[in-house]
Amino acid sequence: MNASKQILIWLTGIFSLYICYLLIPVFTPFLIASLLAYLSNPLVILLEKRKLSRTLAVCLVFALIILVLTILILILAPLLVDQLIALINKIPAQIEWLQTIFIPKIKQLLQVDSFALDSSKIAETIKDSMNMVSNVASQILSIIGNSSSKLIGIMVNLMLIPMLTFYLMRDWNFLAKKIHNLLPKNIEAKVCALADESNDMLGSFLRGQLSVMLALALIYSLGLSIVGLEIGLLIGVIAGLVSFVPYLGFSIGILMAVIAAWFQFHDLKHIIMVCGVFGFGQICESFFLTPKLVGEKLGMHPVAVIFALMAGGQLFGFFGILLALPSCAVLMVLLKHAYAWYQQTDFYLKSDILPKNISTPVRKNKR
């Protein structure tokens, strides 16, 4: 291949990547649908082994997914909205408690007179908060009038996801076969081996991590509700859903729960109970949930996982966050094979790479 053809190939690749970058908002529903279809495919294959046709198996799995999501939305959504509204309504009372009880105690304990808040500013803040809550409807209508095209785009994407998921689930094997037929014959075996290994790692990791997130959300929500925290369900769901970032769900959840428990109960006993709930959840995650459901499938240090998520979000937004860990799972497979290849090279095996006049210093034993 001459130099001009190589330059043309590189320019075509760079231009294609740039076009893909510009089309990221369009790709988002396709990516979400692909992830849903990918996670559901093992269940479809299991039903196919029971002598069901691919279309019938996909219909059953798709109906099951819609049923589960509908039940969760109907049950959880009203509870979460009620707790959120209750939290907003209690903000003025909590600010008043800070001004009349908490701050005087701190002043008495520290024996200072300068630790105070301007009561007029507190009242103004409360008034602004209440006005903001009361004008939510008008603000929503204003947003709809000013950015109707964006809202229409969001609604279209939400409607596209179920349809795309169904068709991808139905034609998954067909699409995989088409991609397989495009591979050059001289690298077909190696690429298929890498794809199978990446599929095993990626599928196990994603399904395991999703199970861990749901289990932690259940543990935190039940535990905080038993403690008596009024917004325990809201905090538990948030902490469970963001637990795909190492230690982030635990940190955010315990901070929010401790603050909420202090404002609600004003004692140390409930704060200790809240910490016990998150300590129990962390023990379950470290010694049972992650080893059993996820294991060491990804093999990445938590710092590397956090960096991958932050880099994906910075470069590609929500699309990048969704794609960060799956990309890292595939990258880990490639790096493992690259490392194995490196260990077989002459650069690694031969000992005569360094100049021969360099001698290894000999340590003298101290007597």
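Colleague: What percentage of the 367 residues of the chain count as buried?

Modeller: This is a predicted model, in which local features need pLDDT of at least 70 and side-chain atom pairs count only at pLDDT 80 or more, while totals for chains, interfaces and linings use all residues. Residues are numbered from 1 along each chain as its sequence is written, and side-chain values use heavy atoms, with hydrogens and water left out. Buried means under 20% relative accessible area, exposed over 50%, and partly exposed in between, with a 1.4 Å probe and protein chains only. By that rule, the buried share of the 367 residues is 25%.

Colleague: Is the ring pair of F166 and Y167 stacked, edge-to-face or tilted?

Modeller: Rings of Phe, Tyr and Trp (its six-membered ring) pair if their centres lie within 6.5 Å, and planes under 30 degrees apart count as stacked, over 60 as edge-to-face and the rest as tilted. For F166 and Y167 the centres are 5.6 Å apart and the planes stand at 75°, so the pair falls over the 60 degree limit and is edge-to-face.

Colleague: Which residues do ring pairs link into a cluster with Y167?

Modeller: Y167 counts as partly exposed, at 42% relative accessibility. The cluster that ring pairs build around this residue name also holds F62 and F166.

Colleague: In which helix do Y339 and Y342 both lie?

Modeller: The rings of Y339 and Y342 form a tilted pair, with centres 6.5 Å apart and planes at 35°. Y339 is partly exposed at 47% relative accessibility, and Y342 is partly exposed at 31%. The two lie three residues apart, about one turn, in residues 318-342, which is helix α14.

Methods: Helix = DSSP H or I, 4+ residues; strand = E, 2+ residues; numbered from the N terminus.
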